[in-house]
Structure formats: structure tokens, C-alpha cells
Amino acid sequence: MTTLDQALLALSYELLLLVDPASLCVVAASPNAVRTLGYESGETLCQTPITEIECALSDLFFWEEIRAGERPQAATMEGLYRRLSGEVFPVEKCISSTTVDDRELISIRARVIAEEKAANDELDRTTSLLRATLESTADGILVTDLDGHIINFNRRFASLWSLPDALISKGSDTLIYHSMVRRMRYRSDWRQWIDHVTHAREQETFDTLSLRTGKTLECRSRPQMVRDQMIGRVYTFADITDRLHAQQELEAARDAAESANRAKTDFLNHMSHELRTPLNAIIGFAQLIQQDGAGEHADNVDLILRGGWHLLNLINEVLDLARVESGKMELHIESVNLPELAADCIAFVRPLAEKYEVHLHNDIPAGSAHVKADPLRLRQMLLNLLSNSIKYNRKGGDVWLGSHCTEPGRISISIRDSGIGISDEDQARIFEGFTRVGSKQHSVEGTGIGLAFTRKLARLMEGDISLSSRIGEGSCFRIELPAVAGTHSAPAGQGTSASPHSSHHCNILYIDDEPMNRKLMAGILRRHPGYRLLLADTGEEGIATARAQKPDLIITDLNLGDMSGYDVLNAILADPDLAGTPMFMLSASTLQHEVDAAIEAGFRRYLTKPFNIPELLSAIAEIASDTRPT
Ligand code: ADP
């Protein structure tokens, strides 16, 4: 062999071997064969039996047949080779007969295929995983190329679109697509789907398709990318029929509940308004008769008043509970100065305590922390618990109002009494609405709503209420609320109204379309010579009177026959001569959002009917003292 021949041979990546068919020993080997099989030199490899290199069982049979005189057909096949070290690796080989210098030899050209085989194995694994995943998913899957030709789909796709096996076996894209169109309820769905898909390019698409069978399918599609190159689209089809039904039922139930709730609230508001208007006259005139001295009827008037106030209280409590139960109660959570609020509540219930001969003890220290709560509602809660502890007490008994920090960030307000107490059994149901317990308690006036309302409010304020009590020894109610971090008591709040006695002569215009209400107002103010009352029964007349008389204060009802109290307010605000005139809204509606709206619009005060005469006079006196010339 020339040096050039040898150099060429050395360049070959193939393993080249010549084998003597009689001895089955290797007689010549290429340098790459020597190196790959791990022999030191060509000499050591030569004389090695080929069956030590080709080591599969089938190879042994093959070479025995060669020794027996069979000659191989030149064909490519796979096999295993063993290195001198014993390590086995896969090869692709071609074995044929050849003649060299009149000597018949067997030639082998082999190529190591380890990496290729590993890659093929991996490909097989991935393909089988993909197929298994494709078939086990609950969604139908369709894969197309860029021209819309179907590349693949799973069985679920065929069953969602009810494609028969006979049709599938025809392998025609057109037949499959036609079948899909025929099953669509609306052709427009199909057109829109095709439109989305053809214009989507590299974006995802989402469509809802209604089928004639009543099913609804959700179809999503996304591009299939190979190295940033789009090669097709993958579609998934999900059956959302059940989900859609459940959702529709849920929405219908929610709508029904909301409309029932609205109807209930509307009814309650309407009833409240209807009840308050006559009650305003009953309580108002009874107060007037009482002030005049009812003589022999004093006890009867007192009964009328007590009944009237009780009825009003009942209406208010039922409405509050209904509002909080329907989630309609709006809370205005802010930092509340507890010591200040406690002092205010104690002052408020002092007359009741004197009546029942109960001693009040305010143990809330001046510097205690503020709580996070709605101040108006917290006042209502404390007043309810304090009045209970007085009402359900004994003559000469005690009530203690206290507070302490239960854990960082939480404040417990306690209302403890030395009263009649509540049995364990009754304690379990006392916070349910309309529940009055104990035999002794029934002799006291009450509605059984206060505690239910108080607990609902406490929970809305991220707090709670608890109770410990012993029959004959007394009860302790505790309201726990979030504390405001690092707070101390703030300066005293604004003082209440000026005394009616400090009133100065002032003109008051009262606009109300209800004659009984005008008569009542006239009866009240007649006793106060410092006030001159102007009356109007329509909005228009009221505005005209205001322009002519320039009153110091205008009090208006919300619903006047010809316009609303807001229209009157706007007319007054728009008139440069009257714009500064203070105005009160006096309405039978107690809805918080109406109160807020009135104050927001510019009313100085919002008073509700029936009203407490001293409260009304105090509000008027405040204005009178403001408007008094200096
Ligand atoms: P009301 O006092 O208007 O009846 P509440 O809801 O405030 O309604 O109270 C429910 C019931 O719980 C009362 O009727 C009374 O039987 C009982 N109760 C409440 N507070 C006390 C108390 N401090 N001591 C004894 N019984 C009480």
C-alpha cells in the first residue's frame, strides 16, 4: 500500500475489517477500527476472532454459517460490537465477500451509531408521550398546517364533533370540515371561527361554538412554532355545556335573590315612611298637650307618648336589622375616641338609670386607646347594652362600663351589671333576632332586636360580642374591636347645641305639603316668642316666601307636592340674596345614604320625623345663635 493509500484509509470514520472465512480471524483492520475497538496496534487486532468483536448471539450463528461456506448478501444491518475492554456499543454494518490477491475474504464496513440511536430512542419516547398525553386529555385536539390541512387529532376531538369512524378512515380534510360545519347551530359561528383563525397568525384565538345538539364548545387555538417559525396551529375544544348551565342557574338564583332583597328593602322603606308620618302627628301633638299640661288626661297622654316612642323604636330597630341583614348597611369606619364616646353614652342613659335607681360607673380611663369603628353605630351598640344593663337590673344595683386591651391591637369594651342575670340555656340564643328571655325581663319594655343587631354590627366592624352571666348575680357583655395603633384620647369633641333659651328673634320658614305637620310646627314654635314662623305648603310658595321674607332658617320636607326639598335648596343656593341661608331637611326617611346625600348637597342638618321637640328646638337655637347680629 502506498503512503497515500494509507493516509486516505486513516481519514475514514468507518471501521473497516477483513476476515478470513475459514479461521474467522481478522486479517486486516483500518486505523479507526483499531482505535475504536481499543487495540494497541493493527497486529494485535489481527488474529483476533471476529466473534470476539461481533458479540450478539445472532452474530455467532452468522459467522458459523460463513465458516461452513455460506456467503453474505451485501446488506446494511444493525449490530453490537465489543471493545477489548469489554464495553459494548451499537453499530450499523455492511458485510460482503471480496477477493484480494485471489484469496476470498469477508469485508466489514461498520459505523458507530451510539448517539444516533440515543437520539432515535429519545424521539420515540417523546412521540409516545405526546400521543399518550393527546389521548388522555379531556379536550378535543386538532393540529393543522399553515394551509389548514389536518395533521393530527385525538379521539376526543372526533367524539366531540360526532365524527363517525367511517368518515375518519377516509382521511379527507374536506369531509371532516364539512361535517363540523353541519353540526354547528349557527353558520355565523363557523365564519367567525375561520375568520379569527386565518387572521390570528401568531396570536391565540378564543371562540364559543354552539352545536345543533345543544352542546357548547369553547375553542382555543395557538400557533405551533419551530425555532420562531410558525408551522401550523393547535386547536383545543372543550365541552362547557354543563358549566354554562350551572353558571346560568347561579345567575338566575342571584338575580332572584337580589330582586327579593330589593323588594323587601323597598317594602320596609315604604312601610317605615307610611308609619312615621302619622306617628309624627301622634307623638308631636301628644308632646304639645303634655307641655300645655294635660290635667286629668296627663296619665293618658303619657301612655300615648310612651306607646308612640316604643312604636318608633320598634320601627327603627326592625329597619336597622333588615338593613344589616341584607348587607345594605354602610359603615364609616374611623378612629373613635372611646373615652369621649363612653362619657357621651353614660350622660345619655343617666336619666334612665335615675328612673330605675341604678348607679352608673364609667371606668374607661381618659387616655385609653381609640378603636376602629363606625362612631354612630358604636354609640348605638353601647347605648343598647347600657340601657339593657339598667333595665334588667334591680333597684339600687350597679352598672360598670370599662375597657382593656385583650391582645395587641384589640380592645374589649365591657358593660357589666349586678342585675337579674341570664341562664346558660338563654345565653345560647340571646343574640338571635326577636328573642326575649327570662321571666323577669318580660315585665320590662323591649323588642328583642337590639342584641342581634349589636352582634351583626360588631362583626361587620371586624369585632365580636360575648357574654358571661349568672342568674341572680348579673351579666357582663363584652364588645371586642380592633384598636387604632398608638392613639390616646383626643381633645374633647364639639359641644352640643346651644340652649333654646339662648335663641334670638329669628324668622323660620317651614315648607311641608302635609297640613298636620305644618300645624304641629306652628304649635311647637308658638311657645317660643323669639321665633317667627312662616309656612308654605308647596316648594314654589316656599321659594317665593323666602325671596320676599329672607328667613334666617329654612326647614323643608323632602317630598313636596310640586318639587323636592333638593329643588328648593338649589333655588336658594342659586339666589345670591339667599345663598347663605341655613337649611334643614325634615324627612320621614331614615336611610343613611339619604342623610349623607342631604348633608353633601348642602343641608345644615337632617332631622327625621317623628322628632323629639327638645332636639328640634336645640338645632334651631344653634342656628339662631349663629345668625344673631353681633
Ligand atoms: P330588648 O332589650 O329590646 O328586649 P335585646 O336584644 O337588647 O332586646 O335583648 C334581648 C333579651 O335579652 C332581652 O329581652 C332580655 O330578655 C335579655 N337581656 C339583655 N340584656 C340583659 C341583661 N343585661 N340582663 C338580663 N337580661 C338581658
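Trainee: Is Y235 buried or exposed?

Mentor: Y235 counts as buried, at 5% relative accessibility, where buried means under 20% relative accessible area, exposed over 50% and partly exposed in between, with a 1.4 Å probe and protein chains only. This is a predicted model, in which local features need pLDDT of at least 70, side-chain atom pairs count only at pLDDT 80 or more, and totals for chains, interfaces and linings use all residues. Residues are numbered from 1 along each chain as its sequence is written, and side-chain values use heavy atoms, with hydrogens and water left out.

Trainee: Where does Y235 sit, and which residues does Y235 touch?

Mentor: Y235 lies in strand β10; helices (H or I, at least four residues) and strands (E, at least two) are DSSP runs, numbered from the N terminus. Not counting residues up to four places away in sequence, Y235 touches G140, I141, L142, T144, W193, V197, C219, R220 and S221, a contact being heavy atoms within 4.5 Å.

Trainee: And how many Å separate the C-alpha atoms of Y235 and C46?

Mentor: Those C-alpha atoms are separated by 61 Å, and Y235 and C46 are 189 residues apart along the chain.

Trainee: What about T216, buried or exposed?

Mentor: T216 counts as buried because its relative accessibility is 11%. T216 has its place in strand β9, residues 216-226, and touches T208, L209, A238, D239, I240, T241 and L244, again leaving out residues up to four places away in sequence.

Trainee: Moving on to the backbone, what is the phi of D228?

Mentor: D228 has a positive phi of about 65 degrees although it is not a glycine. Most residues other than glycine have a negative phi, and most peptide bonds are trans. D228 is found in the loop between β9 and β10 (229-239) and is exposed, with a relative accessible area of 71%.

Trainee: And what about K550, where is that one found?

Mentor: K550 is found in the loop between α18 (539-549) and β20 (553-556). Phi of K550 is near 45 degrees, a positive value in a residue other than glycine, and K550 is partly exposed, with a relative accessible area of 39%.

Trainee: Which residues does the cis peptide bond join?

Mentor: The cis peptide bond joins K609 and P610, with omega about -5 degrees, and P610 is found in the loop between β22 (605-608) and α21 (613-627).

Trainee: Switching to the ligand, how many residues surround it?

Mentor: The ligand is surrounded by 20 residues, of which the closest are N388, Y392, R436, T447 and L451; a residue is near a molecule if one of its heavy atoms lies within 4 Å of it. The residues of that shell divide into 7 nonpolar, 10 polar and 3 charged, where Ala, Val, Leu, Ile, Met, Phe, Trp, Tyr, Cys and Pro count as nonpolar, Asp, Glu, Lys and Arg as charged, and the others, Gly among them, as polar.

Trainee: Which N or O atoms lie by the ligand's oxygen atoms?

Mentor: In the side chain of N388, an N or O atom is 2.7 Å from an oxygen atom of the ligand, and for the side chain of K391 the corresponding distance to a ligand oxygen is 3.3 Å. From G448 a backbone N or O atom lies 3.0 Å from an oxygen atom of the ligand. Taken alone the ligand exposes 530 Å², and the protein buries 98% of that, the areas coming from the Shrake-Rupley method with a 1.4 Å probe.

Trainee: Which elements give two or more residues to the shell?

Mentor: Those elements are α14 (375-391), α16 (450-460) and β17 (474-482), and the largest share, 4 residues, comes from α14.

Trainee: Which residues of α16 are buried, and what covers them?

Mentor: The buried residues of α16 are G450, L451, A452, F453, T454, L457 and A458, and their cover includes α12 (298-325), α14, β16 (464-470) and β17. Just after α16, E462 takes a positive phi of about 60 degrees.

Trainee: Last topic, the whole protein: what does the C-alpha trace span?

Mentor: Along its principal axes the C-alpha trace spans about 155 × 60 × 55 Å. The secondary structure comes to 21 helices and 22 strands, and buried residues make up 42% of the 630 residues in the protein.

Methods:
Polar contact = N/O pair within 3.5 Å; in protein donor to acceptor, adjacent residues only side chain to side chain.
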